[in-house]
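Let's take a look at this one together.

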Amino acid sequence: MNKRIAVYPGSFDPVTFGHLDIIDRASKIFDRLIVSVFVNSAKKPMFSVAERVAMLKGALKNRKNVTIDCFEGLLVDYVRRKRTRVVVRGLRAISDLEYEFQVAGINRTLYRDIETVFFMPRQRYSYLSSSVVRDIAHFGGDVSMMVPRNVAKAVAEKKRLGS
Ligand code: ADP
(Lines give C-alpha, C1' and ligand atoms only; values in the text may rest on other atoms or scores of the structure.)
Protein backbone atom coordinates (compact mmCIF):
# COMPACT_ATOMS: atom_id res chain seq x y z
CA MET A 1 0.00 0.00 0.00
CA ASN A 2 1.38 3.35 -1.04
CA LYS A 3 1.01 5.90 1.75
CA ARG A 4 1.88 8.79 -0.51
CA ILE A 5 -1.22 8.61 -2.69
CA ALA A 6 -4.14 10.69 -1.46
CA VAL A 7 -7.72 11.00 -2.68
CA TYR A 8 -9.50 14.36 -2.67
CA PRO A 9 -13.21 13.60 -3.13
CA GLY A 10 -15.96 16.15 -3.66
CA SER A 11 -18.85 17.28 -5.77
CA PHE A 12 -16.81 19.99 -7.55
CA ASP A 13 -20.04 21.42 -9.02
CA PRO A 14 -18.13 23.42 -10.25
CA VAL A 15 -14.49 23.48 -9.13
CA THR A 16 -13.56 26.83 -7.53
CA PHE A 17 -10.34 28.63 -6.59
CA GLY A 18 -10.93 27.27 -3.07
CA HIS A 19 -10.70 23.68 -4.32
CA LEU A 20 -7.64 24.57 -6.42
CA ASP A 21 -5.95 26.06 -3.36
CA ILE A 22 -6.47 22.78 -1.48
CA ILE A 23 -5.23 20.78 -4.51
CA ASP A 24 -2.09 22.95 -4.65
CA ARG A 25 -1.31 22.38 -1.00
CA ALA A 26 -2.08 18.66 -1.00
CA SER A 27 -0.16 17.96 -4.21
CA LYS A 28 2.97 19.39 -2.59
CA ILE A 29 2.65 17.04 0.38
CA PHE A 30 1.67 13.81 -1.40
CA ASP A 31 3.41 12.09 -4.31
CA ARG A 32 0.16 11.69 -6.14
CA LEU A 33 -3.23 13.29 -5.60
CA ILE A 34 -6.36 11.80 -7.12
CA VAL A 35 -9.09 14.43 -7.35
CA SER A 36 -12.29 12.47 -7.70
CA VAL A 37 -15.79 13.65 -8.51
CA PHE A 38 -18.38 11.92 -6.38
CA VAL A 39 -21.30 10.67 -8.46
CA ASN A 40 -24.29 11.34 -6.24
CA SER A 41 -27.51 10.35 -7.97
CA ALA A 42 -29.53 11.83 -5.08
CA LYS A 43 -28.47 15.39 -6.02
CA LYS A 44 -29.44 17.38 -9.10
CA PRO A 45 -26.13 18.99 -10.05
CA MET A 46 -25.59 22.04 -12.27
CA PHE A 47 -22.93 20.17 -14.27
CA SER A 48 -22.86 16.50 -15.26
CA VAL A 49 -20.05 14.31 -13.94
CA ALA A 50 -18.37 14.38 -17.37
CA GLU A 51 -18.53 18.19 -17.41
CA ARG A 52 -17.11 18.44 -13.89
CA VAL A 53 -14.28 16.07 -14.76
CA ALA A 54 -13.53 18.06 -17.93
CA MET A 55 -13.51 21.36 -16.00
CA LEU A 56 -11.11 19.92 -13.41
CA LYS A 57 -8.86 18.59 -16.18
CA GLY A 58 -8.90 21.98 -17.91
CA ALA A 59 -8.03 23.79 -14.69
CA LEU A 60 -5.30 21.33 -13.69
CA LYS A 61 -3.56 20.47 -16.92
CA ASN A 62 -0.11 21.52 -15.74
CA ARG A 63 -0.03 19.52 -12.51
CA LYS A 64 1.97 16.38 -13.17
CA ASN A 65 1.12 14.51 -9.98
CA VAL A 66 -2.62 15.28 -9.99
CA THR A 67 -5.06 12.95 -11.71
CA ILE A 68 -8.79 13.44 -12.16
CA ASP A 69 -11.28 10.65 -11.71
CA CYS A 70 -14.85 10.01 -10.59
CA PHE A 71 -16.46 7.39 -8.38
CA GLU A 72 -19.79 6.04 -7.27
CA GLY A 73 -20.63 4.30 -4.02
CA LEU A 74 -18.78 4.42 -0.73
CA LEU A 75 -15.68 6.55 -0.47
CA VAL A 76 -13.94 3.92 1.68
CA ASP A 77 -14.34 1.30 -1.06
CA TYR A 78 -12.99 3.70 -3.66
CA VAL A 79 -10.01 4.64 -1.48
CA ARG A 80 -9.20 0.95 -0.97
CA ARG A 81 -9.42 0.33 -4.71
CA LYS A 82 -6.88 3.12 -5.21
CA ARG A 83 -4.59 1.25 -2.80
CA THR A 84 -4.30 4.09 -0.35
CA ARG A 85 -5.75 5.16 2.98
CA VAL A 86 -5.48 8.92 2.86
CA VAL A 87 -8.39 11.28 2.16
CA VAL A 88 -7.92 15.01 1.70
CA ARG A 89 -10.62 17.51 2.61
CA GLY A 90 -10.70 21.28 2.91
CA LEU A 91 -11.73 23.27 5.96
CA ARG A 92 -12.93 26.78 5.26
CA ALA A 93 -14.15 27.60 8.73
CA ILE A 94 -15.03 26.01 12.03
CA SER A 95 -18.54 25.55 10.65
CA ASP A 96 -17.18 22.97 8.16
CA LEU A 97 -15.65 20.98 10.97
CA GLU A 98 -18.80 19.48 12.44
CA TYR A 99 -19.82 17.81 9.18
CA GLU A 100 -16.26 16.84 8.21
CA PHE A 101 -15.62 15.39 11.69
CA GLN A 102 -18.73 13.24 11.38
CA VAL A 103 -17.86 11.97 7.89
CA ALA A 104 -14.24 11.25 8.86
CA GLY A 105 -15.46 9.33 11.92
CA ILE A 106 -17.95 7.27 9.92
CA ASN A 107 -15.30 6.51 7.31
CA ARG A 108 -13.00 5.30 10.05
CA THR A 109 -15.63 2.92 11.39
CA LEU A 110 -15.92 1.48 7.86
CA TYR A 111 -12.17 1.38 7.18
CA ARG A 112 -10.07 1.37 10.33
CA ASP A 113 -6.84 2.52 8.71
CA ILE A 114 -8.24 5.46 6.78
CA GLU A 115 -6.85 8.89 7.63
CA THR A 116 -8.56 12.15 6.71
CA VAL A 117 -6.13 15.04 6.30
CA PHE A 118 -7.48 18.59 6.36
CA PHE A 119 -6.04 21.60 4.61
CA MET A 120 -7.02 25.23 5.12
CA PRO A 121 -7.22 27.49 2.08
CA ARG A 122 -5.97 31.06 1.92
CA GLN A 123 -8.28 33.26 3.90
CA ARG A 124 -9.64 34.95 0.81
CA TYR A 125 -11.19 31.65 -0.30
CA SER A 126 -12.76 30.82 3.02
CA TYR A 127 -16.10 32.31 1.96
CA LEU A 128 -16.13 30.49 -1.35
CA SER A 129 -18.24 27.47 -2.21
CA SER A 130 -19.61 25.85 -5.34
CA SER A 131 -23.13 26.69 -4.19
CA VAL A 132 -22.25 30.41 -3.94
CA VAL A 133 -20.91 30.22 -7.50
CA ARG A 134 -24.07 28.48 -8.69
CA ASP A 135 -26.31 31.05 -6.97
CA ILE A 136 -24.44 34.03 -8.39
CA ALA A 137 -24.42 32.47 -11.85
CA HIS A 138 -28.14 31.79 -11.58
CA PHE A 139 -28.82 35.50 -11.13
CA GLY A 140 -26.41 36.48 -13.90
CA GLY A 141 -23.58 37.69 -11.64
CA ASP A 142 -19.87 37.61 -12.43
CA VAL A 143 -18.04 34.56 -11.05
CA SER A 144 -14.68 35.20 -12.73
CA MET A 145 -13.03 36.08 -9.39
CA MET A 146 -14.09 32.73 -7.94
CA VAL A 147 -13.39 30.11 -10.58
CA PRO A 148 -10.74 29.44 -13.24
CA ARG A 149 -11.34 30.85 -16.71
CA ASN A 150 -12.50 27.60 -18.31
CA VAL A 151 -15.08 27.19 -15.53
CA ALA A 152 -16.32 30.79 -15.83
CA LYS A 153 -16.84 30.11 -19.54
CA ALA A 154 -18.71 26.89 -18.87
CA VAL A 155 -20.89 28.63 -16.27
CA ALA A 156 -21.74 31.43 -18.72
CA GLU A 157 -22.54 28.88 -21.41
CA LYS A 158 -24.89 26.96 -19.07
CA LYS A 159 -26.64 30.18 -18.20
CA ARG A 160 -26.94 31.08 -21.89
CA LEU A 161 -28.53 27.71 -22.59
CA GLY A 162 -30.98 28.46 -19.84
CA SER A 163 -30.21 25.71 -17.34
P1 ADP B 1 -18.85 18.05 -1.02
O2 ADP B 1 -20.21 18.10 -1.66
O3 ADP B 1 -18.26 16.69 -0.89
O4 ADP B 1 -18.69 18.88 0.23
P5 ADP B 1 -17.44 20.11 -2.39
O6 ADP B 1 -17.04 20.13 -3.82
O7 ADP B 1 -18.41 21.15 -1.96
O8 ADP B 1 -17.93 18.68 -2.15
O9 ADP B 1 -16.16 20.21 -1.47
C10 ADP B 1 -15.16 19.23 -1.48
C11 ADP B 1 -14.18 19.53 -0.38
O12 ADP B 1 -13.56 20.79 -0.65
C13 ADP B 1 -14.79 19.68 1.02
O14 ADP B 1 -13.85 19.21 1.96
C15 ADP B 1 -14.97 21.16 1.17
O16 ADP B 1 -14.93 21.55 2.53
C17 ADP B 1 -13.74 21.66 0.43
N18 ADP B 1 -13.93 23.02 -0.06
C19 ADP B 1 -14.96 23.51 -0.79
N20 ADP B 1 -14.78 24.82 -1.04
C21 ADP B 1 -13.62 25.17 -0.43
C22 ADP B 1 -12.90 26.39 -0.27
N23 ADP B 1 -13.36 27.54 -0.76
N24 ADP B 1 -11.74 26.36 0.41
C25 ADP B 1 -11.30 25.21 0.93
N26 ADP B 1 -11.92 24.04 0.85
C27 ADP B 1 -13.07 24.01 0.18
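Below are some questions and answers on this predicted model.

Q: Why is phenylalanine 12 called buried?
A: Buried means under 20% relative accessible area. Phenylalanine 12 has 2% relative accessibility, so the label applies. You will find this residue in the loop between β1 and α1.

Q: Why does arginine 83 count as exposed?
A: The label calls for over 50% relative accessible area. Arginine 83 comes out at 57%, so it counts as exposed. It sits in the loop between α3 (75–81) and β4.

Q: What makes the phi values of phenylalanine 12 and arginine 83 worth a look?
A: Phenylalanine 12 has a positive phi of about 50 degrees although it is not a glycine. For arginine 83, also a residue other than glycine, phi is positive and near 55 degrees.

Q: Why is β4 described as largely enclosed by the rest of the structure?
A: The cut-off for buried is under 20% relative accessible area. In β4, 5 of the 5 residues are buried, so the strand is largely enclosed. Val86, Val88 and Gly90 point one way, Val87 and Arg89 point the other way, and all are buried. In a regular strand the side chains alternate between the two faces of the sheet.

Q: How do you know that β4 pairs with β1 and with β5?
A: Two strands pair if there are at least two bridges between them. β1 and β4 have 2 bridges, in the parallel sense, with valine 7 opposite valine 87. β4 and β5 (residues 115–119) have 5 bridges, also parallel, and here valine 87 stands opposite threonine 116.

Q: What makes up the right-handed β-α-β unit?
A: The unit consists of β4, α4 and β5. Right-handed means that, with the strands pointing away from the viewer, the path from the first strand over the helix to the second runs clockwise.

Q: What lines the largest pocket, and which element gives the largest share?
A: The pocket holds about 1200 Å³ of space. Of its 46 lining residues, Pro9, Gly10, Ser11, Arg89 and Tyr99 are the closest to the centre. The largest share, 8 residues, comes from α4. By class, the lining has 22 nonpolar, 15 polar and 9 charged residues.

Terms used
Residues are numbered from 1 along each chain as its sequence is written. This is a predicted model: local features need pLDDT of at least 70, side-chain atom pairs count only at pLDDT 80 or more; totals for chains, interfaces and linings use all residues. Side-chain values use heavy atoms; hydrogens and water are left out. On a 1 Å grid over the protein atoms alone, a cavity is a set of points where a 1.4 Å probe fits but cannot get out, and a pocket is an open set with protein on both sides within 12 Å along at least five of seven lines; lining residues have an atom within 4 Å of a point. Grid points are joined across faces, edges and corners, and a volume is the space filled by probe spheres set on the points. Helices (H or I, at least four residues) and strands (E, at least two) are DSSP runs, numbered from the N terminus. Ala, Val, Leu, Ile, Met, Phe, Trp, Tyr, Cys and Pro count as nonpolar, Asp, Glu, Lys and Arg as charged, and the others, Gly among them, as polar. Buried means under 20% relative accessible area, exposed over 50%, partly exposed in between (1.4 Å probe, protein chains only).
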